[in-house]
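Here is a short tour of one structure, written to be read with the model open beside it. Take a moment to find the two chains before reading on.

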There are 2 protein chains.
Amino acid sequence: MKRREFGQHCGLARALELVGERWALLVVRDLTVRPRRYTDLLEGLPGIPTNVLSTRLKELEQAGIVERQVAPAPQRGVVYTLTAAGHELEPAILALGRWGATQLGEPRPGDIVTPESVTMTLRATFNHGAAAGLTASWEIRAADLVLHAVVTDGKPDIGPGPAPGDPDLVVTVDPAGELPSYENLMQAMKCGLVQLAGPRELLDTFLHLFTAQGA
Amino acid sequence: MKRREFGQHCGLARALELVGERWALLVVRDLTVRPRRYTDLLEGLPGIPTNVLSTRLKELEQAGIVERQVAPAPQRGVVYTLTAAGHELEPAILALGRWGATQLGEPRPGDIVTPESVTMTLRATFNHGAAAGLTASWEIRAADLVLHAVVTDGKPDIGPGPAPGDPDLVVTVDPAGELPSYENLMQAMKCGLVQLAGPRELLDTFLHLFTAQGA
DNA sequence: CCGAATCCGCAGTGATACTG
DNA sequence: CAGTATCACTGCGGATTCGG
């Protein structure tokens with residue numbers, strides 16, 4: 001497993017040697033959101049060949065970015081997790097994602113949207129300044145997709161799955177055939193094409209927290 | 001020139017489709033620092049095949065990231081520049097570079113250091129908070145390498161070449177056989193292994209501006 | 001079913017030579 | 001200076017197969 005090098009003593013070159021191979025950063029993105037199993041990753045990365053995924057996982061493990069854990073008795077399977085170094089990639093991933101979002105046109109036919117990608121976009125657009133001191137929790141539902149956004153004293157916890165406990169506001173969106181992409185979800189919320197379980201003001205708070213460019 | 005796609009409607013996936021190919025982000029990095037000609041780029045990217053460089057430049061041009069300009073009469077040559085969209089990649093490049101720098105070990109034999117890579121590292125470590133309201137200018141010299149860092153009311157202009165006008169402090173470092181990498185330069189400055197032309201306090205200011213993690 | 005390994009065809013890459 | 005041409009090679013995409 002010889003790694004191709006760039007011949008430069010440079011942070012960016014080093015980063016690209018470690019996570020610049022095809023699919024690598026998308027694997028890390030999915031693991032940034034939550035630990036996943038091999039088949040979860042396959043499902044969330046449409047079109048990745050199985051040999052490429054297993055090669056990437058080994059390279060990322062060797063680079064100290066990913067950890068392979070054999071889960072104990074009850075669920076018994078292989079779970080991939082990020083190491084501390086892997087989680088430190090998140091700011092870079094969010095920055096790249098923000099730039100790429102400005103270059104996104106209409107969804108191409110066949111494109112999919114995964115919970116991981118929407119989670120990443122929400123994290124990337126979270127407005128830390130506007131959230132200072134705030135505490136509130138939301139649950140977003142759109143067809144299969146369920147996300148939670150919990151803000152505790154300004155610090156966000158954004159990810160797939162329902163909000164723990166009782167969310168302050170549950171927003172149910174009907175994307176009506178459209179992809180449940182970040183843009184479509186926010187659009188529907190702005191237009192009020194949603195069902196709310198909770199105080200309506202919290203919808204405006206949510207939109208305020210996630211529409212401006214994050215930090 | 002068909003582009004391979006990732007099948008996801010996602011900012012990160014889009015970014016990787018546009019600048020994820022091998023060498024692409026290093027080309028953008030060099031152009032972030034200053035416009036360059038084809039042979040300048042070849043020189044700053046050791047080992048890049050000429051056909052790969054020309055392919056990348058065409059792809060980046062088609063993506064609206066790079067502009068190819070035929071310079072007029074006097075110098076008459078081809079100059080590559082970043083578009084506005086290209087310059088907007090800088091935060092992502094700096095973030096990736098910061099992460100990669102944490103993964104940099106000792107320089108491998110044969111590794112080189114270019115003015116572009118040192119410039120990028122200085123920009124990445126610039127501490128905007130500590131610079132608020134400050135105005136000062138430095139020129140750093142180490143063998144062939146000459147860099148300027150001009151801070152005007154807290155806003156940095158960092159790049160290769162001498163400082164315009166009269167810099168407040170000129171720092172001459174003798175890396176003595178070592179690579180003139182960011183780490184070696186800063187190390188020499190901290191130890192006082194430098195010659196100064198200007199007030200000594202400004203050396204401490206410089207170290208304070210560039211040692212902490214930037215924003 | 002999960003977690004891969006294996007094989008094959010091909011496109012992207014690397015190295016070098018060459019040209020307007 | 002600014003690329004193009006050629007060719008060997010390797011990594012990737014796609015499919016199938018295999019062991020726990």
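Predicted model: local features only at pLDDT ≥ 70, side-chain atom pairs only at ≥ 80, totals over all residues.

The crossing of α2(B) and α6(B) is left-handed. On the α2(B) side, the contact is made by L25(B), V28(B), R29(B) and T32(B), and on the α6(B) side by E90(B), I93(B) and L96(B). Sorted by class, this contact holds 4 nonpolar, 1 polar and 2 charged residues.

| Helix | Chain | Residues |
|---|---|---|
| α2 | B | 24-33 |
| α6 | B | 90-102 |

Their axes come within 11 Å and cross at roughly 115°. Angles of 65 to 115 degrees count as roughly perpendicular, and α2(B) and α6(B) are therefore roughly perpendicular to each other.

Next, a residue in another helix of chain B. R56(B) sits in helix α4, which covers residues 50-62. Is R56(B) buried or exposed? Its relative accessible area is 11%, and buried means under 20%, so R56(B) counts as buried. Setting aside neighbours within four places in sequence, R56(B) is in contact with E21(B), R22(B) and A24(B).

Finally, the two chains together. How many residues of chain A are in contact with chain B? The count is 55 residues of chain A, in contact with 56 residues of chain B. Between them the chains bury about 4,700 Å², with 63% of it on carbon and sulfur atoms. Of the area that chain A buries against chain B, Q8(A), H9(A) and W99(A) supply 19%, more than any other three residues.

Notes:
Residues numbered from 1 in each chain as written. Chains lettered and ligands numbered in written order. Heavy atoms only, no water. Axes fitted to C-alpha atoms, helices over the stretch in contact; angles between N-to-C directions. Helix = DSSP H or I, 4+ residues; strand = E, 2+ residues; numbered from the N terminus. Parallel < 35°, antiparallel > 145°, perpendicular 65-115°, else oblique. Left-handed = near helix turned anticlockwise from the far one by under 90°. Contact = heavy atoms within 4.5 Å. Nonpolar A, V, L, I, M, F, W, Y, C, P; charged D, E, K, R; others polar. Buried < 20%, exposed > 50% of the residue type's maximum accessible area, 1.4 Å probe, protein only. Buried area = accessible area lost by both parts, 1.4 Å probe.
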